[in-house]
Amino acid sequence: MRKHFIAIAIGATLTAGFMAGCSNTESKAPNAMSVQTQNPLLQVSSLQYQAPDFSIIKDEHFTPALEQGMAEHYQEILVIANNPAAASFDNTIVAMEKSGALLNRASSVFYNLAGSNSNPELRKIQGDMAPKMAAHSDNINLNPALFARIEAIYNNRTNLGLTPEAVRLVEVYHQRFIMAGAKLTDEQKVKIRALNEEQSTLTNEFSQRLLRLTKEIAVVVDSKNELAGLTDSEITSAANDAKVAGHEGKYLINITNTTRQPVLASLENRELRQRIWEASANRGLSGENETASLVSRLAKLRAERATLLGYENWASYRLAPQMAKTPEAVYSMFGSMVPAVVANTEKEAADIQAMIAKTGGKFELAPWDWAFYAEKVRQEKYALDGDSVRPYFEFNRVLEDGVFYTLKELYGVTLKPRPDLPVYHPDVKAYEMFDADGSSMAIFYADYFAREGKRGGAWMSSFVGQSFLEGTKPVVVNVMNIKKAPEGEPTFVSYNEVTTMFHEMGHGTHGMFSKVTYPSLAGTSVSRDFVEFPSTFEEDWAAHPKVLANYAKHYETGKPIPDELLQKLLKSGSFNQGFDTLEYMAAALVDMEWHSLSPDAPLQDVPTFEANALKKHGLNISAVPPRYKSAYFAHAFPGGYSASYYAYMWSEILAADAFAYVQTQGGLNREIGMKYRKTIREVGNSIAPMEAYKNFRGQEPTTEGLLNRRGLNTANK
């Protein structure tokens, strides 16, 4: 039950946050001796820190390695469960922590590549493995002899002389097994196995359809004239994309996995803006790759599973082990913010409508107009021209002089290129992280550029997790979807992409700074509504004057961004925050409403359900749709954030409070950075989240920092 098998299996089968696995497969496993020399996944990599040797790993290696890994893992679990000796921490909990080595190794590589560098063969393997992995998980979680041993240790945990971290591990295991159904009757276990298998199959199908949809809904543009407002580099990229897609002589606008599309801020052609927005917002509602029916069925399946486990609905089940604890706490948090957010959004809408009229428009503000005219309002209000800022955000400088610089200033670490390490795509770069004393800490892969076969969004994952028990150091990857410039030209990033680079490195260092004994407690293995805290905290350093001045330099001259332009950029930071906050809250509340349904509720019509949910919470502003609509809500349906998308804002409360506190301690300096690193980043889940936060901050957080961070605190206006 190793930490990375659990984490990767969750993301891999795209279930709702519980372990995924397979049926008894020992009879199907290939003979290890006959393929050992042919399949590199069947043995520990000889590269530093067991980093995968991508130069010799091939698609055909995954299925035999995964199946043999499941078989070996299951046999190890049976030995533990049927051990005639009395249950002890070492022969049960520690033994489980050490089990599943092959499965962990193979799944960590496979599921990372399935998300970042997929192809038809990998997608087929993923579909084949989904029900097997679900059944494997059930075979472990629902084993009565195994749970009896865990419960015996749990009931006596305070009398065994265990370390606090060991006690924490016992408690985590006990809760995990109960929430997976360990206390169900035999009849109920049969039902939950069926639900788990169907859910894993549907989430995988959702993910595959969504990937196909991304390619299917790309907008083909016939004339260059329609692209007025885009830069020459962007137009060249659109022409190249069209050529690759078989539309030579035309232009292709790819659609990202959010409702709002970045290109809408620049395109002058309103008709084309509408085409692009509608392609984004209406995807998945019909056609061969529709996902709407999967949304309705998954919501019902999850409700049935939650009821079987003794909870009112899926949201109640999911939040029980989180910091929030109950759906009511989430609804209360958002409800307290709705008036301020709506008021700000309505003011922004009025300013944009006025700009439409001022520039000769005779139409009502629509969703596809917001970004374009908001940029004009920004330019007028702050005299900030996006084109004048762009040359100061060259990708490599942002990464090295922004993200890496901040890590050194705060935490004393440096990252050095490792071109000798094999990577899984030419755009991926490998680095080694070193501590202030020169000691090596981790391997880091940077995979920042968009390409076919990569799912949308941005994320961090691990190929190898940290563990003192097993003597392993972290091998971590950050993945994004930045549009790469044509060959020979510099890649510029938007400020939103800048903050996302900082955000994902926050996740990355959460994994790489880990100093925990047990793999199940290491790194990012924390609750959903805590895991986004370290990453969101890291975002704000992107706007810190000292950091910004270090990386915001002209890509040709190297001169720092002029102070006047810098101040305009900083002052514009709270601009459009009503829109940004409302579109996020709308998505989070739609997620909560889907997963608050009872199991006897009928299957829902997706657009109608969304509209009713937004109206219920007072967020039905037509020009500001949810950041993700249900049919392409990858976090909530194929991903592990079902009834948990709220976690970004819950974590942001912690992050904003912590960042404000750090500024009272001198801001960007090693002393406060190391305190934060030691109390938050290094401890993983070995300490309860709020206890860890109070160890750093000295008190629980308040929401004042969040409102200030988003420019929504009316008390300061």
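Trp314 is buried, and Tyr317 is buried as well, where buried means under 20% relative accessible area, exposed means over 50%, and partly exposed lies in between (1.4 Å probe, protein chains only). The model is predicted: local features need pLDDT of at least 70, side-chain atom pairs count only at pLDDT 80 or more, and totals for chains, interfaces and linings use all residues. Residues are numbered from 1 along each chain as its sequence is written, and side-chain values use heavy atoms, with hydrogens and water left out.

**Exercise 1. Classify the ring pair of Tyr661 and Phe696, and locate both residues.**

Step 1. Recall the rule: rings of Phe, Tyr and Trp (its six-membered ring) pair if their centres lie within 6.5 Å; planes under 30 degrees apart count as stacked, over 60 as edge-to-face and the rest as tilted.

Step 2. Apply the rule: the ring centres of Tyr661 and Phe696 are 5.4 Å apart and the planes stand at 90°, so this pair is edge-to-face.

Step 3. Locate the residues: Tyr661 belongs to helix α24 (residues 647-664) and Phe696 to helix α26 (residues 689-697), 35 residues apart, so that the pair links distant parts of the chain. Helices here are DSSP runs (H or I, at least four residues), numbered from the N terminus.

Step 4. Check the burial: Tyr661 and Phe696 are both buried.

Step 5. Widen the view: ring pairs join Tyr661 and Phe696 into a cluster whose members include Tyr411, Phe513 and Trp541. The whole structure contains 46 aromatic pairs.

**Exercise 2. Describe the largest cavity by its volume and its lining.**

Step 1. State the volume: the largest cavity has about 100 Å³, and the structure holds 2 cavities of 30 Å³ or more. Grid points are joined across faces, edges and corners, and a volume is the space filled by probe spheres set on the points.

Step 2. Name the lining: among the residues are Arg260, Trp277, Trp370 and Glu583. Helix α15 gives the most, with 3 residues.

Step 3. Sort the lining: it divides into 9 nonpolar, 1 polar and 2 charged residues. Ala, Val, Leu, Ile, Met, Phe, Trp, Tyr, Cys and Pro count as nonpolar, Asp, Glu, Lys and Arg as charged, and the others, Gly among them, as polar.

**Exercise 3. Is Glu583 buried or exposed, and which residues does Glu583 touch?**

Step 1. List the contacts (heavy atoms within 4.5 Å): leaving out residues up to four places away in sequence, Glu583 touches Arg260, Val624, Pro625, Pro626 and Arg627.

**Exercise 4. Describe the second largest cavity by its volume and its lining.**

Step 1. State the volume: the second largest cavity contains about 50 Å³ of space.

Step 2. Name the lining: Ser296, Lys300 and Trp594 are among the residues that line this cavity. Helix α12 (residues 292-308) supplies the largest share, 3 residues.

Step 3. Sort the lining: 6 residues are nonpolar, 3 polar and 1 charged.

Key
Helices (H or I, at least four residues) and strands (E, at least two) are DSSP runs, numbered from the N terminus. On a 1 Å grid over the protein atoms alone, a cavity is a set of points where a 1.4 Å probe fits but cannot get out, and a pocket is an open set with protein on both sides within 12 Å along at least five of seven lines; lining residues have an atom within 4 Å of a point.
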